[in-house]
Amino acid sequence: MKVAMCICGEPLVSCMVFRKFEFFCVRDGRKYTFFGPEAAEETPELLKRMDENEALFDRLAEGVISDGGMKIDSCEICRDRHEPHAYHATEAEREADRQARARLAAVGAPT
Ligand SMILES: [Zn+2]
Ligand SMILES: [Zn+2]
C-alpha cells in the first residue's frame, strides 16, 4: 500500500471537508487534490504517524459539516429530501461547523 505524503514529510489525512481538496496535512494545514500528493511505500512508522494524524484530525474536525454533499444516515430530512445535510443544518450544527473550520484553519503555518 502507498501512503499519501505532504511535502513536509507527514502522512496526509484524507477527508471530505474541503471542496476539491481530498487530502489535508494536520501539521501545517496544506491541502492537496486527489492527484496532488506524492506517495510513499508504507512502513510501520508511517502507518503509526498516519493513525496519529487521523486521530488529531478527528479532534480538530469534530462537528464539521462536509462540503462534499454528504448526507447523514440518522437524519430524516436528509433521507426525505435527498439533499446534503449542510442545506438544512440547525444553527447549533452550523456553529459547531464554524468552530471546527476555525480549528482546521489554525493548523500550522501557511506556506
Ligand atoms: Zn505537511
Ligand atoms: Zn440532514
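What share of the contacts in the chain with a separation of 6 or more comes from residues 24 or more positions apart? The figure is 58%, where a contact means two C-beta atoms, placed from the backbone, within 7 Å.

Please keep in mind that this is a predicted model: local features need pLDDT of at least 70, side-chain atom pairs count only at pLDDT 80 or more, and totals for chains, interfaces and linings use all residues. Residues are numbered from 1 along each chain as its sequence is written, while chains are lettered from A and ligands numbered from 1 in the order in which they are written.

The pLDDT, the predictor's confidence in each residue from 0 to 100, averages 89 over the chain, with 95% of residues at 70 or more.

Three strands form an open, antiparallel sheet in the order E2-E3-E4; strands pair if DSSP finds at least two bridges between them. Strands E2 (13-18) and E4 (31-32) are its edges, each pairing on one side only. E3 (residues 21-24) is joined to E4 by two bridges, and Phe23 stands opposite Tyr32 in E4.

As for overall dimensions, the C-alpha atoms fill a box of roughly 45 × 30 × 20 Å along the principal axes.

How values were computed. Helices (H or I, at least four residues) and strands (E, at least two) are DSSP runs, numbered from the N terminus.
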